[in-house]
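Have the model open as you read.

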Number of protein chains: 2
Amino acid sequence: MVNQQFNFAVHILTVLAVNRGVVDSQTLARSVNTNPVVVRRLLLALRAAGLIETQAGKNGGAKLARDPRRITLLQIYDAVDPRPVLAMNERKAARHCFVSCNIKTVMATVAEGAETAVRKHLRGITLHRLQQKIRRG
Amino acid sequence: MVNQQFNFAVHILTVLAVNRGVVDSQTLARSVNTNPVVVRRLLLALRAAGLIETQAGKNGGAKLARDPRRITLLQIYDAVDPRPVLAMNERKAARHCFVSCNIKTVMATVAEGAETAVRKHLRGITLHRLQQKIRRG
DNA sequence: TTAAGTGTAATAAACACAATTACAGTTTTG
DNA sequence: CAAAACTGTAATTGTGTTTATTACACTTAA
């Protein structure tokens, strides 16, 4: 099972951007094709990041907290806090082996570079842009 | 459990680059701190990519097939064929929902861009460079 | 011919993630 | 104020992915 929180979150926000109003977790879950509880957990993360507002009670749900032009995919990425794009090796090094003792530090730099590259890419894409693409089919 | 094949593979190749000779899977496994069978499976992938040569039988093992200056992290990445850096959503779309029907295509483009960014980063780093970094501690 | 390796299948164990159930709390509306 | 319709959240189960382990046939050097 691959982590799809980023996908789910972008999907949810796109629906909110298109609908321009309050949408409940049940409706969002149907669009994403998942469980409402999964959606609500993501909504909490998105709210903590200041991207949406939620309302409890009857006729409650979620809506965007700001203009889609001012929401980037990087902000969504950070909101759901996914695992690094290149996994780090957390095992103990073999003390007798020089490579084993130093590879971790070196690979951390490599992973950091990969992360930076992805972040730069995501920073350049706004929710509004996705919305436009979807409108055009 | 996070996929560490890329980490393992880079580690293995770095040991081979430093040792400059045949190393058996038992020794490599101790350095990586994993099981020899796991190492041997990775060695098969690296051999298929033309990065190493292996030898069966007594005093067998693996060695680099070419100069570390001509091995990039991208080649290693491709050899182990890891999952995409951004996962794709494979679920069925909700036919009644316009966003649901089109988000997949849009997100595929986003994921492709992320992949390209990471690949570009990895293409710029050679095994030889890692070796140098490790030598300096 | 034996010792020490690789190649490879099969299975078990560990782990991450999503789905589901359940229910307390909140808010609107009649 | 009572009922309906939501959110917030904990607890548990189900499913898929990855690594570890065992086993053994095959290969090669000495």
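## How residues are classed

Ala, Val, Leu, Ile, Met, Phe, Trp, Tyr, Cys and Pro count as nonpolar, while Asp, Glu, Lys and Arg count as charged, and the others, Gly among them, as polar. Please keep in mind that this is a predicted model.

## DNA strand C

By these classes, the surface near DNA strand C holds 13 polar, 10 nonpolar and six charged residues.

Which helices supply at least two residues each here? They are helix H3 (36-48) of chain A, along with helix H2 (25-32) and helix H3 (36-48) of chain B. H3(B) gives the most, with six residues.

## DNA strand D

Around DNA strand D you will find 28 residues, the closest being B:Thr34, B:Asn35, B:Val37, B:Gly57 and B:Lys58.

At least two residues each come from H2 and H3 of chain A and from H3 of chain B. H3(A) has the largest share of the surface near DNA strand D, at five residues.

## Where the chains meet

The contact between the chains draws 42 residues from chain A and 42 residues from chain B. On the side of chain A that touches chain B, two or more residues come from each of helix H1 (5-19), helix H2 (25-32), helix H5 (98-123) and helix H6 (127-135). H5(A) gives the most to this side, with 14 residues. By class, the side of chain A that touches chain B has 23 nonpolar, 13 polar and six charged residues.

Methods: Residues numbered from 1 in each chain as written. Chains lettered and ligands numbered in written order. Predicted model: local features only at pLDDT ≥ 70, side-chain atom pairs only at ≥ 80, totals over all residues. Contact = placed C-beta atoms within 7 Å. Helix = DSSP H or I, 4+ residues; strand = E, 2+ residues; numbered from the N terminus. Near = placed C-beta within 6 Å.
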